[in-house]
Every structure is written in structure tokens, then in C-alpha cells.
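This report covers one protein chain.

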Amino acid sequence: MKQVRLGATGLRVSRICLGMMSFGTPEWREWVLDLDASRPLVRAAVEAGITFFDTADMYSDGASEEVSGTLLRELFARRDDYVLASKVFMPTGKGPNDRGLSRKHVMASIDASLRRLGTDHLDLYQIHRWDPHTPIEETMEALHDVVRAGKARYIGASSMFAWQFAKAQHVADAHGWTRFVSMQDHYNLVYREEEREMHPLCLDQGVGVIPWSPLARGRLTRLPEQHTTVRAGSDPIADRMYGEADDAVVRAVAEVAKARDLPMAQVALAWMLHKPVISAPIVGATKLRHIEDAVAAVDVELTDDEIAALEAPYVPHPVLGHA
């Protein structure tokens, strides 16, 4: 597995990041795997050379962090052998301060995440969204204090407008606080709006991009008429995010995949991996083949003509994924 720097930092991460949202408890989502069912998938990822893992405090109401921590401690001899990321912002309880990016919630959440994960630090602590109700100065100072306390090595952001991200970085610079080193945004072949503002900003500023949903919640792995998984057949979020206008892109992926005798997932991920701004797409997995395809995609080289064919049918979208 290739290792790359996360943006302009000295931190090296595997070219594929394993998203841990699929691991936790099926009581949260029916397609989520429990500890025992998760173990062979995470082991396969580790054996394939994946060393970068991303979770969040709200996945499976905290159980994802518990499962992630348990398995990573089992599978790695040393804590320094892997890069662990989690996130804060989404509701983690019913109280008025159990959400958002206030100092109170950030400080409580980092301690709760570390406790569930069974570690004394995160390598990357990310804000899960932009909080319009908290001054960004309050959030950036709190995150800086998390880093100063040794509870996180780096901080990152996720889906927001480019002006918001630029504002956060400016606030950090103005006060001498820790800057964001990564952007976890919504990006794939059927949703490329991040190419307009966010990705040029990240490339210019040396920020690593670690996209979520690089396979469009599975849409880029099968033809439009196919529903082959529990999640694909019962995913109202995907139905709101993607539509019939995206089918032409999916069929273009299928054509390139057929010509190359490759799974569609490998083609879609290979396209993303050729983008210079991308550090590591975050790939979810509920079956071993999902990990196998992600790992294999790292070595797939697409031609300029293939890339052009994949990109040609794209239809502009409204902004999706910031909420």
C-alpha cells in the first residue's frame, strides 16, 4: 500500500482510508456490522497495508469508536503504527450542549472519544460540519487547546463552503492557533462541485483532501437498475443526493470498467486517486470485496481518454453534504 503525506504535513497516511461508520451496531443502521462481523474486514484492511482509519463520535451512537478502538488495538502492535481520526459536531445526546462546536462540547467530546477508543490521543480530530451558532474563534481556540493538551496531533475540517474554511484558517493564523491540515468533503464522479472552490483552495494552501462517499454511497459500483445491497435498497439519503441525471456518469464508469475488465469501484476510485489534491479517499466496507477493490484501485492507471470519458457526462449539482 502506498503511503502519502497528508497535505503539506509530515504525517504519512495510507493511500486508502478505511471509514469505520460501517462498524458498530446494527441497532443504529441495519447494514452496520457488530464487533465480530467487523473483525475480518478490518483485519483484511490492515493486512493489505491500510494504516489510516476514520470514525466519528456519532456513528452508532459511539459504538463505532468502541469497535474501532478494540480492533485497532488487537491488530497493531503499537499505537504509532496507525493513524486514527475521529470527528465532533453531530448530536451525541439529548442535552442542549450535546452538539455543535462550542468549547464545552469540543472539550467534553474529545475526552469521550478517547475513552471509547481506548487511546490517549487522536492523530486527526475533525469538525464534522460548520457550526453557524458558535463563533469560529471559540471553536478554533478550543481545538488549539486540544492539540496543546496532546489529545490530538492535527485538526481537520469537513464539508463546508470555501469561504467558511478560509475564514477558519485566517482566524487560526491571526491568533497563532493550530490550522486545519485536512478537508473531508463530499466528492465523487457524480458530485464534483468541490472542484470549483474548495479543492483549488486546498491545493494552494497545502491542505490534504480525504473525501467521503467516493463511490457515491455505492451508486458508482453498479448500473442504475441494480440494487445489490441492503444499504442500496434502503438509502433515502442517496435518493435525495443523486438522481437520474447522474446515470450517464455511472454508465460511463461501467463502459470503462468493462473495457479494462475491472470492477466499477476500482475505476471510480482510480479516477479520484489521479487528482493531485486527494490524499486518501475514505472507503466504507461491509464486504471483503469492498476492501479488495479499494486496495487494487491504488495501482490502476487510467489514460487521459478514459478520464475524459468518465468526466464528460457530469451534470452540475446544487451544493450537497454541508448540512
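Where is the place of Ser159? Ser159 sits in the loop between β7 and α5. Helices (H or I, at least four residues) and strands (E, at least two) are DSSP runs, numbered from the N terminus.

The model is predicted: local features need pLDDT of at least 70, side-chain atom pairs count only at pLDDT 80 or more, and totals for chains, interfaces and linings use all residues. Residues are numbered from 1 along each chain as its sequence is written, and side-chain values use heavy atoms, with hydrogens and water left out.

Ser159 counts as buried, at 2% relative accessibility. Buried means under 20% relative accessible area, exposed over 50%, and partly exposed in between (1.4 Å probe, protein chains only). The side chain of Ser159 makes a polar contact of 2.9 Å with that of Trp212. Such a contact is a pair of N or O atoms within 3.5 Å; within protein, one must be able to donate a hydrogen and the other to accept it, and residues adjacent in sequence count only if both atoms are side-chain atoms. Ser159 also touches Asp185, His186 and His322, among others. Contact means heavy atoms within 4.5 Å.

Phe161 lies in the loop between β7 (152–158) and α5 (162–175). Phe161 is partly exposed, at 38% relative accessibility.

**Nonpolar cores**

A nonpolar core is a set of buried Ala, Val, Leu, Ile, Met, Phe, Trp, Tyr and Cys residues joined through side-chain atoms within 4.5 Å. The largest has 96 residues; Leu18, Phe53 and Met140 touch the most other members. Helix α10 (residues 264–273) gives the most to this core, with nine residues. A second, separate core has twelve residues, including Leu11 and Ile282.

**Salt bridges**

A salt bridge is a side-chain nitrogen of Lys or Arg within 4 Å of a carboxyl oxygen of Asp or Glu. By this rule there are 17.

| Pair | N to O distance |
|---|---|
| Glu74 and Arg39 | 3.0 Å |
| Glu195 and Lys275 | 3.9 Å |
| Arg219 and Asp247 | 2.5 Å |

Which residues are linked with Glu195 in a network of salt bridges? Arg192, Lys275 and Glu311 are linked with Glu195. Glu195 is partly exposed, with a relative accessible area of 26%. Lys275 is buried, at 16%.

Note on methods. Lists of a residue's contacts leave out its neighbours within four places in sequence.
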